[in-house]
Each structure stands twice: as C-alpha cells, then as structure tokens.
Amino acid sequence: MALLSKKDANLILDPLADNNPITIQVLGICSALAITAELKASVVMAISVLFVMGVGNVVISLLRNVIPSKIRIIVQLIVVATLVIIVDQVLKAFAYELSKTLSVFVGLIITNCIIMGRFEAFALGNGIRRSFLDGIGNALGYGVILIIVGFFRELLGSGTLFGIPVLGDPIAKTGLYSIGYENNGFMIIPPAALIVVGIIIWVQRSRNRALIEEA
Amino acid sequence: MGLKEKMHEIKLKYQGKKMAPAFNAFHTFLFTPNETTHSGSHLRAVDDLKRTMNTVILALVPCLLFGIFNAGYQHYSAINGFPENFSLFEHFINWENFILGATTVLPLVVVSYGVGLLVEFIFAVIKGHEVEEGYLVTGMLVPLIVPIDTPLWMLAVAVVFGVVIGKEVFGGTGMNILNPALTIRAFLFFAYPTWMSGDKVWVHDAVERAGTADAISGETILGYLAQGNNTEMYAKYDLSEMFFGFIPGSVGETSTLLILLGGLFLIFTKIASWRIMLSAVLGSLAMGLIFNMVVDFGWIPEYSKFYGLMSFDFWQHLIVGGLAFGIVYMATDPVTGSQTNKGKWIYGFLIGFISVMIRVFNPGYPEGVFLAILLMNVFAPTIDHYVIRGNVRRRMKRMKNATILPDTVDGAGAELKAETV
C-alpha cells in the first residue's frame, strides 16, 4: 500500500467489512433485495453504483464550497440523476437484455440511501482524493454483499451462475438433479435476500463481537 | 449401581465440559435430575416443560397413527378404487395399510426429529446452554403437516432452516416469534411448491405414477372446490368421511374427530388455551358465513373461480384441510400466541377468519391456515400490547374517578380507596 497512506486505505477497506453500508449501516437494502436473484444483475448493479458513487463523490467534493447549503439536496439529486442516466443509457446501448431485468432499479440508484448518505456525510466535507476513495470503498462494500447474496440466490434458486448451469440440467435430470435435487424456489423471491443478508450480518457479528450493539 | 445413579455420576464428572449440555439433555429426558434448589423458594410443580411437551405429543399420537393407516388406505384405494361398503377393520385398519403407511410416514418422523435435535444439540454445545425441549413437539408436528411423499432431504433442509432461522436466531425455545413447525412448512411451500400443492402429492406414489398408464389422482377436497367441482367432490366424499378423516391431505391433519379428541385432551390437561381454539372456530365460521351470504345474495356469478369455495357450507370448512389441526395444535402454541386472555380471543378469532379468507382467495393453492397462523404470530405481541395498555388506561380512569374520602383516623378511607382502584 505504498500508493495510499494507512488513513486513506482505511477509507476503502472499512466499508468492505466493519463499516459495511449494507450489513452494518443497513442502507441500500431495497436494491439488495430486488435485483440479487441473478448474479449477473448483481455484478452490473455493483459496477453501476461503483461508477455513480466514485464520480458523484468527486463532483460533490469539487462543488462543496459553492453549493448553498439550503439547496444542497437538490444539487446532489441532480448530480446523481445525471450519472444514473449515463449508466442507464450505456446499459441500454450495450446490454439491452440486462437493462430490461434491472429496469426500474437502475433508475432507483438515485434514491439509494448509500449514495445520498455518502454525499452528505463525506463528500461535502472532504477533499477530492479522499472523497473519491470513500465513494469507491462504500460502493465496493455494497457490491461485495450484493455479489455474495446474488451468488447464493442464483446457485440455490436456479442452479446457475451468470446464467450458466453449474448443477446440471433440471429438465433433462443430469448432474445433481439426477439424484433428486431440486432448485429452491424460495431463493428466487425477494424475502430470501432479506434472510441471506440477515445470515451474513449474523456471521459477521459473531466473528467480530465488537460490532454487536448494546441492547 | 443402576443406570440412574451412573448417569448422575457421569453428569458430575463432566460438569462444565463442552458436551455436557448434550449429555444432560438425554439425562433429564430419562430421569428426574437429582439436583435440588439451593436457595430461594422451593416450589415444585409436576408440569415442567418436558411434561407439557409430552402431553402435546400424547395428544398427537392418535393423529400420527391415523395418518399411517390413512396413507395406506388412500394409496390402495386410489389404485383399486374406493371400497363400496366401507368397513373400518376390513378396509382401513389392516396390515397392508399399516406397513405402507409406516414405511412412508416413519422416515418423515425420524428425519424431522433427527435433524431438528441435531441442530438443537449443536447450538446448545456452541452456546453452552442446556438443550431445550422445544423441539419435541415441533418434531412431531412437522411430519404431520407435510404431504406424504415429501422427499426426505427437502424435509431435512426445511427443518434446518426452520429451527435455525425460525428459532435459534431469536434465542431458542421460548424466544421465537414464529411457530417453528409452520416456518418449516412455509419454507417447504415456497421453496418446493411442486411437492407441496397440486393433486399429486397427497397420495403415496401419485407423483411417480403421473403421466403413466397407472396414474392415480389424489385431489384434496379443497382442490376440487377451488376448481369449482363441488358436485364431483360430494360424489366422491361424504361428510362423515371428511369428519372421520378418510380423505387425502397432509399426513396427520385429515381426521377431525381425532383432532377434536386431542384438543379436548389438551384443554382438560390445561396445556392449550380453550379461548384460542374456540375463538378460532368462531372466526372461521364467521368468515364462512360471510362467504355463504355473498353467494346467497347472488353477488357472485357461478362462473367465478371463487364460487366453488365460497358456496361451500360455512361449517364444513372446519372438517376439511388443515384448519382443525392448525387451530388445535399450532394456534395454541403458548410461545408464539397471545398471552392475555382478551388477546387470545382476538388472536384466535383472526386466525380462523383469515384462514378461511386465504383459503377462498388464494389463487395458487386452496389452503391458508399456516399463512394465517404465521401472520397472527407476528401480530400477537401487538395485540397483547394494546390489551395491556387498554387495561392500564381503564384502571387509570377508574382511579381518577374514584371518590376520595377524607382520611379517617382508623384509615378506613384509604382502604376503601385502594379497593376501588
């Protein structure tokens, strides 16, 4: 880590584990529930948020001294909306099928609490470099959870990863399916994501007991 | 030295060790421990948690036995046709039915108990607490509320899910929000719907034979009604068959008679709340009556897909499907149900009411008892909260309005005041 000082490195590493936006701050849950039925969608969502947060944090940080504080929320919304529209258009141009599955949820990145939260809490008060690192870190923390949840939900729910069958063919009964295995339909529906996220929180807190809040 | 003393000695030897809870569970299951209370009040009642659980299991045994025979009866009748002049001992209680039923039902029981207790033991050892008895009843309920042909590995997965997510994450027995047995059933239902609904899963072998020349059907009564085939249903089953339970359904839930007896047993041993049972029955009758009235007034056309279930006589809802079983054995769960007496009336009534409502309006699957009970499980603490607040408010009001008499020398005024509050 010669590139970054320890303090800067923590901006990226903290949100990955001990200050994760989803499992610790419990932000951005809605999209984590909605789009994680497939790994591919999770990855695309993670990358989109990475882009929006990295660039958005830089823009807000650049503007931080000229934004009147009364209308800062509106300015933030405009920045994030612009970035989201860019993502949406890119997806429509290069991954049309996927943009249909993600549909409204790309647009809803605008309301993702993590993004507005980081703009408010960090980018408005910090320099460009640190804001960028913070944005990347939080987006990665969000993305990691999304990908873990997406991995388990797609594997157990559909028996595929990135749409490629890994457990055999459920119709021709090959692989695991030949011995009576069946896909778990529960994993396809959004409540399953809530439970998978819950299990991740459980595992994380039992490994690091300092995270458990006082009752 | 007898086994009892030996076990006491082993217990002392391994006290505080990691596996001690696992051993203690067996020990206290077999014998009363030789410990005595060291301090505080010494009050001993015989109805400890184990006794409570065993009483419920006792009440479930008739359902289990009936389920075993019924599994065989439904299977052979579906193949050979239903007997013309049904005789209980000739057609129902015979070795053929028993052997087939035992070989299909007992594995469910074994898997349910084996997996569930294993999870409980693991958690007890990790957390270092004693193994709680909570799973004894759940383990018996689970095989009775699933279809006969549920693959064993699915049951095992569901049991792990139900015990861990439904119970252990909340802190184990007595802390759970949802009834674990119903959590297991709900998981099975949402995860593997093809094995939990339809007209093939309720009779042994029907899934295997589907699509072949030997295909057999095992449509449940509610299944017929959901498709509007009321006349066909009545041609196949009559009311006494529904009441006595010679109908396809989940393993142990078909016989309303035995459930009724089990319920009375639980009421007389004061294990289960009669308030919940009675109010749930009333609730389902009320909803059934409303639906019947809708039909009587002609507000719903006959071609409507709800017509079959809506026109079903309101009281007959109680003798088909899992309603009776759910009311007697699941709704009355003392942990997940309401605790206050008034709360129990509301809780029970809504269970019955919503069960029949879901039954009629559920587009995918004509049964809703487990969903209704799980929903009310979630609301039970809220109901209790408002019942208690209401009580507090009423008494506060009474205190405010109480006539305050001047304090007399002998304190009679103060006494009177205390009485009115």
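Is Lys270(B) buried or exposed? Lys270(B) is exposed. The model discussed here is predicted.

## Lys270(B), a loop residue

Lys270(B) has 11 other C-beta atoms within 10 Å. The cut-off for an exposed residue is 12 or fewer, so Lys270(B) counts as exposed. Lys270(B) sits in the loop of chain B between helix H14 (256-268) and helix H15 (274-296).

The backbone deserves a look here. Most residues other than glycine have a negative phi. Lys270(B) is not a glycine, yet its phi is positive, at about 60 degrees.

## Ala331(B), another loop residue

Ala331(B) also lies in a loop of chain B, between helix H17 (323-330) and helix H18 (341-361). Ala331(B) is buried. It has 31 other C-beta atoms within 10 Å, and 20 or more are needed, so the residue counts as buried.

What does Ala331(B) touch, leaving aside its neighbours within four places in sequence? Its contacts are Ile276(B), Ala280(B), Gly326(B), Gly337(B), Gly348(B), Ile351(B) and Ile373(B). Met376(B) is 45 residues from Ala331(B) in sequence. In space, the two C-alpha atoms are 8.8 Å apart.

## Chain B overall

Chain B has 20 helices and 0 strands. Its C-alpha atoms fill a box of roughly 90 × 70 × 40 Å along the principal axes. The chain has 421 residues, and 43% of them count as buried.

Now take the contacts in chain B between residues at least 6 apart in sequence. Of these, 73% join residues at least 24 apart.

## Helices H3(B) and H6(B)

Two packed helices are described by the angle between their axes and the distance between the axes. Helix H3 of chain B spans residues 49-80, and helix H6 of chain B spans residues 135-144. They pack at an angle of about 15 degrees, with axes 9 Å apart. Angles under 35 degrees count as roughly parallel, so H3(B) and H6(B) are roughly parallel to each other. Their crossing is left-handed.

H3(B) brings Met53(B), Val56(B), Ile57(B), Leu60(B), Cys63(B), Leu64(B) and Gly67(B) to the contact. H6(B) meets them with Leu136(B), Val137(B), Met140(B) and Leu144(B). By class, this contact has 10 nonpolar, 1 polar and no charged residues.

## Helices H5(B) and H7(B)

Helix H5 (residues 95-127) and helix H7 (residues 152-166) of chain B pack at an angle of about 35 degrees. Their axes are 9 Å apart. The crossing of H5(B) and H7(B) is right-handed.

On the H5(B) side, the contact residues are Pro107(B), Leu108(B), Val111(B), Ser112(B), Val115(B), Gly116(B), Val119(B) and Glu120(B). On the H7(B) side, they are Leu152(B), Leu155(B), Ala156(B), Val159(B), Val160(B), Val163(B) and Val164(B). The contact divides into 12 nonpolar, 2 polar and 1 charged residues.

## The nonpolar core

In soluble globular proteins, nonpolar side chains tend to be buried together. The largest nonpolar core in this model has 144 residues. Which residues have the most contacts inside it? They are Val52(A), Leu188(B), Ile327(B), Ile351(B) and Ile373(B). H3(B) gives the most to this core, with 11 residues.

Two of these core residues, Ile351(B) and Ile373(B), are also contacts of Ala331(B). Val52(A) lies in chain A. Leaving aside its neighbours within four places in sequence, Val52(A) is in contact with Val80(A), Leu83(A), Val84(A), Val87(A), Ile109(A) and Ile115(A).

## Where the chains meet

The contact takes 8 residues from chain A and 8 residues from chain B. The side of chain A that touches chain B has 4 nonpolar, 3 polar and 1 charged residues.

Terms used
Residues numbered from 1 in each chain as written. Chains lettered and ligands numbered in written order. Predicted model: local features only at pLDDT ≥ 70, side-chain atom pairs only at ≥ 80, totals over all residues. Axes fitted to C-alpha atoms, helices over the stretch in contact; angles between N-to-C directions. Helix = DSSP H or I, 4+ residues; strand = E, 2+ residues; numbered from the N terminus. Parallel < 35°, antiparallel > 145°, perpendicular 65-115°, else oblique. Left-handed = near helix turned anticlockwise from the far one by under 90°. Contact = placed C-beta atoms within 7 Å. Nonpolar A, V, L, I, M, F, W, Y, C, P; charged D, E, K, R; others polar. Core = buried A, V, L, I, M, F, W, Y, C linked by C-beta atoms within 7 Å.
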